[in-house]
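Please examine the sequence and the three-dimensional structure shown below.

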Amino acid sequence: SDSLPASEPAAAAAVTAASAREAALRAVGQLLYEKCGEAYRRRADRTRARLKARRAAAATAAAECVPSGLLEHSLRARFKLACYAELCQEWKAASAEYATAYTHLRQAAVAVAAAATEEGV
């Protein structure tokens with residue numbers, strides 16, 4: 001009469017299996033989080049390298065009086081870097097990149113307005 005009912009061992013086994021599944025899912029989630037963070041950081045590094053190369057090319061173009069489109073490229077690159085930082089949950093970096101992107105956006109708006117005024121539009 002002191003033995004456990006048949007349903008209690010089955011319930012304990014189900015709880016153990018559920019705990020094991022949750023632990024496995026947490027481990028997979030952590031692995032995916034780390035791998036995605038690494039991938040986004042690599043993408044951000046490539047974007048920074050392209051931006052740096054574009055700036056160097058723009059400096060050369062400015063010396064030769066050739067239009068470079070740096071502002072447009074820089075604007076896109078800064079928003080991209082902000083998104084990558086956000087995906088990596090690097091909130092300070094994301095905020096700084098968004099602030100830089102909006103500064104470039106204001107500069108672009110001023111440049112477009114100035115060009116429209118020169119054309120008489």
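Why does arginine 43 count as partly exposed? The model is a predicted one, and in it arginine 43 has a relative accessible area of 40%. Because buried means under 20% and exposed means over 50%, with partly exposed in between, this value places arginine 43 in the partly exposed class.

**Overall fold**

The protein chain contains three helices and zero strands. Read from the N terminus on, its elements follow the order α-α-α. The protein chain has 121 residues, of which 17% count as buried.

**A charged patch on the surface**

Arginine 43 belongs to helix 1. Together with Arg42, Arg46, Arg50 and Lys80, Arg43 takes part in a patch of positive charge on the surface. Helix 1, which covers residues 7-63, supplies the largest share of this patch, namely four residues.

**Aromatic pairs**

A pair of aromatic rings is described by the distance of the centres and the angle of the planes. In this model the count of aromatic pairs comes to three. One of them is formed by tyrosine 40 and tyrosine 84, whose rings are stacked, with 6.0 Å from centre to centre and 25° between the planes. This pair links distant parts of the chain, since tyrosine 40 lies in helix 1 and tyrosine 84 in helix 2 (residues 70-87), 44 residues apart.

Another pair consists of phenylalanine 79 and tyrosine 102, and its arrangement is edge-to-face: the centres are 5.4 Å apart and the angle between the planes is 90°. Here, too, distant parts of the chain are linked, with phenylalanine 79 in helix 2 and tyrosine 102 in helix 3 (residues 91-119), 23 residues apart.

| Residue | Relative accessible area | Class |
|---|---|---|
| Tyrosine 40 | 25% | partly exposed |
| Tyrosine 84 | 12% | buried |
| Phenylalanine 79 | 25% | partly exposed |
| Tyrosine 102 | 42% | partly exposed |

Is tyrosine 84 buried or exposed? Its relative accessible area is 12%; because buried means under 20%, tyrosine 84 is classed as buried. Its partner in the stacked pair, tyrosine 40, has a relative accessible area of 25% and is therefore partly exposed.

Conventions:
Residues numbered from 1 in each chain as written. Predicted model: local features only at pLDDT ≥ 70, side-chain atom pairs only at ≥ 80, totals over all residues. Heavy atoms only, no water. Patch = residues over 30% accessible without salt bridge, like charges linked within 9 Å, V, L, I, M, F, W, Y side chains within 5 Å. Areas by Shrake-Rupley, 256 points an atom, 1.4 Å probe, with all protein chains shown as cover. Salt bridge = Lys/Arg side-chain N within 4 Å of Asp/Glu carboxyl O. Lys, Arg positive; Asp, Glu negative; His and termini not counted. Charge placed at Lys NZ, Arg CZ, Asp CG, Glu CD. Helix = DSSP H or I, 4+ residues; strand = E, 2+ residues; numbered from the N terminus. Buried < 20%, exposed > 50% of the residue type's maximum accessible area, 1.4 Å probe, protein only. Phe/Tyr/Trp six-rings, centres within 6.5 Å; stacked < 30°, edge-to-face > 60°.
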